[in-house]
Amino acid sequence: MITLAELELHRIVVSKTYASGELNFQGADFQQAGPLQVDGVAELAGPEIRVRGSLKTRLSASCDRCLSPIEFPVERNFELFYRPMAHIAREEEIEVPKDELGVAFFSGDGIELADIVTEQVILAVPMKLVCREDCRGLCPVCGVDRNRDTCRCAPPQTDSPFARFR
């Protein structure tokens with residue numbers, strides 16, 4: 001844990017390796033396929049905790065088009081700012097100024113490094129994972145992997161105005 005009390009004394013330098021399965025990616029559709037290395041520095045920047053660092057790992061998942069297993073690297077640099085929840089703990093609604101939209105809030109004594117790392121890995125994963133750029137996917141009629149086999153299904157008939165764009 002990165003605590004305010006320790007940061008008031010000195011900045012914190014972090015170099016940690018998380019083994020596969022050590023972090024909980026909260027139901028994500030990927031798994032950690034190798035060690036996850038995190039290097040960073042946490043320090044006070046006025047009323048905020050500033051965390052800068054980088055992470056590197058490999059993840060495994062299924063291709064979103066053909067469901068084949070894939071493995072891909074993830075590397076990410078990050079710079080994050082956190083404030084104690086007490087700074088905004090009010091009953092009324094407030095508008096957050098645009099220059100503060102990148103600030104997150106924490107409660108308690110500090111911030112869990114594992115939570116930061118988990119969030120950054122999830123943010124680094126592309127929206128759609130494909131085994132290769134020209135993946136042809138599965139046939140929507142018979143389910144054959146069109147990257148490996150040719151299916152003889154007729155294209156499904158549809159009255160959709162978008163059907164001609166296939």
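**Chatting through a predicted fold**

Student: Where does Leu-67 sit?
Tutor: Leu-67 is in the loop between E5 and E6. Those E labels are strands (DSSP runs of E, at least two residues), while helices are runs of H or I of at least four residues, and both are numbered from the N terminus.

Student: What kind of model is this, and how is it numbered?
Tutor: It's a predicted model, where local features need pLDDT of at least 70 and side-chain atom pairs count only at pLDDT 80 or more, though totals for chains, interfaces and linings use all residues. Residues are numbered from 1 along each chain as its sequence is written, and side-chain values use heavy atoms, with hydrogens and water left out.

Student: Back to Leu-67, then. Is it buried or exposed?
Tutor: Exposed, with a relative accessible area of 56%. The cut-offs are under 20% for buried, over 50% for exposed and partly exposed in between, using a 1.4 Å probe and protein chains only.

Student: And what's its phi?
Tutor: Near 70°, a positive value in a residue other than glycine. For background, most residues other than glycine have a negative phi.

Student: Which other non-glycine residue has a positive phi?
Tutor: Gln-26 is one, with phi near 50°. Gln-26 lies in the loop between E2 and strand E3 (30–32), and with 62% relative accessible area it's exposed.

Student: OK, zooming out. How many helices and strands are there?
Tutor: The protein chain has 2 helices and 8 strands. Reading from the N terminus, the order is β-α-β-β-β-β-β-β-β-α.

Student: How do E5 and E6 pair up?
Tutor: They run antiparallel, joined by 14 bridges. Two strands count as paired if DSSP finds at least two bridges between them. Lys-56 stands opposite Glu-75 in E6. The hairpin of E5 and E6 has 6 residues between the strands, and that's where Leu-67 takes its positive phi.

Student: What about E4 and E5?
Tutor: Also antiparallel, with 9 bridges. Gly-40 faces Gly-53 in E5. Their hairpin has 2 residues between the strands, and Gly-46 there has a positive phi near 70°.

Student: Which way do E2 and E4 run, parallel or antiparallel?
Tutor: Antiparallel, over 7 bridges. Tyr-18 stands opposite Leu-36 in E4.

Student: And E6 with E7, parallel or antiparallel?
Tutor: E6 and strand E7 (residues 103–106) pair in the parallel sense, over 4 bridges. There, Arg-83 stands opposite Phe-105 in E7.

Student: Changing topic: how much of the chain is buried?
Tutor: Of its 166 residues, 33% count as buried.

Student: How many residues are in the largest nonpolar core?
Tutor: It has 33 residues, and those with the most contacts inside it include Leu-36, Leu-55, Phe-72 and Val-117. A nonpolar core here is a set of buried Ala, Val, Leu, Ile, Met, Phe, Trp, Tyr and Cys residues joined through side-chain atoms within 4.5 Å.

Student: What does Val-117 touch?
Tutor: Leaving aside neighbours within four places in sequence, Val-117 is in contact (heavy atoms within 4.5 Å) with Tyr-18, Leu-23, Leu-36, Val-38 and Leu-55.

Student: Is Gln-120 buried or exposed?
Tutor: Buried, at 2% relative accessibility. Gln-120 is in helix H2, and beyond its neighbours within four places in sequence it contacts Leu-55, Arg-76, Phe-78 and Leu-80.

Student: How many aromatic pairs are there?
Tutor: The count comes to 1. Phe-25 and Phe-30 form that tilted pair, 5.2 Å centre to centre with 50° between the planes. The rule takes Phe, Tyr and Trp rings (for Trp, the six-membered one) with centres within 6.5 Å, and calls planes under 30 degrees apart stacked, over 60 edge-to-face and the rest tilted.

Student: Are those two buried or exposed?
Tutor: Phe-25 is buried, at 8% relative accessible area, and Phe-30 counts as buried at 8% too.
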